[in-house]
Amino acid sequence: MSKEGPVKIKFYCGENIPLELHKVRIVQKLNLVPIERRLEALYEGGFNTFRLSTRDVFLDMLTDSGTNAMSDMQLSAMMHADDAYAGSQSFFRLHTAVKEVLKKEYLLPVHQGRAAENILAKAYIKKKGDLIPMNYHFTTALAHITQYGGRIVELLYDEAYNIQSSHPFKGNLNVEKLEEVIKETGVENIPFIRMEASTNLIGGQPFSIANMRAVRAIADKYGIRIVLDASLLGENAYLVIQREPEFRDASMAEVIGIMTGLSDIVYFSARKLSSSRGGGICTSDLKIYRELESLVPLFEGFLTYGGISVREIESMAVGLYETLDETMISQSPDFIAYLVNTLMANGVPMVTPPGVLGAHVNAMQVCSHIPQTQYPAGSLAAAFFLVSGVRGMERGSISNQRDEEGNETYADMELLRLAVPRRVFTLSQIKYVADRMIWLNENRHLIGGLRFIYEPAVLRFFMGGLEPVSDWPQKLIAKFKEDFGDSL
Ligand code: F0G
């Protein structure tokens, strides 16, 4: 195995900080509005950070989805896009990138990741009660599976639920349990096994290649297909190189090729993988391609654009190749590690080891005085926006869906995710985030709970509205003023 990187730069003096290997050429002005306006914005947005207007947001750490910085090469590629309903050259360039980077023969383009989930669930969940074993669910994947009558079972090892851990691969799928589940459920009731690269909802935690090989062996033994959610594939591969000794000297291309090679179907959100828009379903199995082919024109668009603009298809193609560049993929995980380590050193409980996509604050611990019925992670997300203008995302019980009887299902973990999109923030901005979070943690007793005033039936966390259960936001502002004076 050989590779050109990784680029390790040691500092002679001072702290070892992550060093950017890119330069900023286009910038967007930001505003930090006063805390009184931030409170108004929370009331207007139902204390739900999804419903804030970016006019009121200083650092947008809601997600990395569609917000990673694009490269000059991606933007310039968009200029030579080939507008055609069918047979566009832009599609063929993307198809070549899929063959070369993801090592899959066939590509079905879709408008984003959840569209792939819709097509896979529609094609393969044939009867009520069909079971999809997975390392962990993602919100949209679960919603599509249950919409077609399917069920899921989450098969992580116990260590994954240990929020502060040093286990390098908390996203590993529990292979012993997998075999038990297959025997109990029957192969005929398991359409596929889903592996999520860099398991999002438990804090962006990767799985190892050794684990995936073990899952493959069981899948082969029982003749079940593996579907890989590759939305955070590059980051998972980067952490394999960092943490799995066998791959210490491997290249991104090699690790990515092994991961996709162990999967029958690879799907992804190109809003994450490749930093553009769109998504795709890839396979090297013609039978699978034929099973899915007709659903793309039905739900997405013709097979050479799949609901994506041709310009974005061009940037997707370039973005896939750039995923092989360790200096690009490492930027976000390295900044996340810096943020997590700084916060931990100052007493803020975080998900460890640092994962990908974002830094995850353990809201269950910060807000241990708030019962899960009052949504500690949602409360922390609102409180943090109030004191910083930084928008994070609730990843706890509000993001869960009710069960079939309409009962709340409380999340295993109540997390506030502070996403660090690739190459978007500077280190001083990350330091500001740490500073405000340390202050909030020290004043955590002032944070109170939330209750729903508008609860949509599906994916309620997106547009739901909540209100504080008391006047805690006003009390938090009073303390902020005491400590920060007239600072924004
Ligand atoms: N799978 C994973 C692992 C994801 O993280 C996402 C999106 C999807 C599928 C769905 O893709 O948004 O293109 O339809 N995650 C975003 C997030 C929304 O903020 O974590 P999509």
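Guide: What follows starts at the domain contact and then moves to the loops, helices and ligand shell. Keep in mind that the model is predicted.

Start with the domains. The domain assignment gives domain 1 as 35-64 + 328-484 and domain 2 as 72-325. Their centres, taken over C-alpha atoms, are 28 Å apart. Domain 1 puts 24 residues into the contact, and domain 2 puts in 27 residues. On the domain 1 side, helix H13 (326-329) and strand E9 (358-362) each supply at least two residues. E9 gives the largest share of that side, three residues. By class, the domain 1 side holds 12 nonpolar, eight polar and four charged residues.

Now look at the loop between helix H14 (331-345) and E9. Proline 353 is found there. The peptide bond from threonine 352 to proline 353 is cis, with omega near 0°. Leucine 357 has its place in that loop too. Its phi is positive, about 80°, although leucine 357 is not a glycine. Most residues other than glycine have a negative phi, and most peptide bonds are trans. Is leucine 357 buried or exposed? Leucine 357 has 26 other C-beta atoms within 10 Å. The cut-off for buried is 20 or more, so leucine 357 counts as buried.

Leucine 459 also has a positive phi, near 45°. Its place is the loop between strand E13 (450-454) and helix H18 (460-463). Leucine 459 has 15 C-beta neighbours inside 10 Å, so this residue counts as partly exposed.

H13 and H14 come up again from another direction. Helix H8 (residues 233-243) is mostly covered, with nine of its 11 residues buried. Among them are Leu233, Glu235, Asn236, Tyr238 and Ile241. What do the buried residues of H8 pack against? Their partners are helix H7 (209-222), helix H9 (252-261), strand E7 (265-269), H13 and H14.

Next, a helix pair. The axes of helix H1 (residues 35-44) and helix H16 (residues 376-388) come within 8 Å and cross at roughly 150°. Angles over 145 degrees count as roughly antiparallel, so H1 runs roughly antiparallel to H16. H1 makes the contact with Ile35, Arg38, Leu39 and Leu42. H16 answers with Ala382, Phe385 and Leu386. The residues of this contact divide into six nonpolar, no polar and one charged.

Aspartate 486 and isoleucine 35 are 451 residues apart in sequence, yet 9.7 Å apart in space, C-alpha to C-alpha. Aspartate 486 sits in the segment after helix H19 (472-484). With 6 other C-beta atoms within 10 Å, aspartate 486 is exposed.

Last, the ligand. There are 15 residues around it, and Thr63, Gln112, Gly113, Arg114 and Ser269 come nearest. What classes make up this shell? The shell has two nonpolar, nine polar and four charged residues.

To recap the part you asked about: the contact takes 24 residues from domain 1 and 27 residues from domain 2, and E9 supplies the largest share of the domain 1 side.

Key
Residues are numbered from 1 along each chain as its sequence is written. This is a predicted model: local features need pLDDT of at least 70, side-chain atom pairs count only at pLDDT 80 or more; totals for chains, interfaces and linings use all residues. Domain bounds come from an automatic or database domain assignment. Two residues are in contact if their C-beta atoms, placed from the backbone, lie within 7 Å. Helices (H or I, at least four residues) and strands (E, at least two) are DSSP runs, numbered from the N terminus. Ala, Val, Leu, Ile, Met, Phe, Trp, Tyr, Cys and Pro count as nonpolar, Asp, Glu, Lys and Arg as charged, and the others, Gly among them, as polar. Axes are lines fitted to C-alpha atoms, for helices over the stretch in contact, and angles run from 0 to 180 degrees between N-to-C directions. Angles under 35 degrees count as roughly parallel, over 145 as roughly antiparallel, 65 to 115 as roughly perpendicular and the rest as oblique. A residue is near a molecule or strand if its C-beta atom, placed from the backbone, lies within 6 Å of it. A residue is buried if 20 or more other C-beta atoms lie within 10 Å of its own, exposed if 12 or fewer, and partly exposed in between; C-beta atoms are placed from the backbone.
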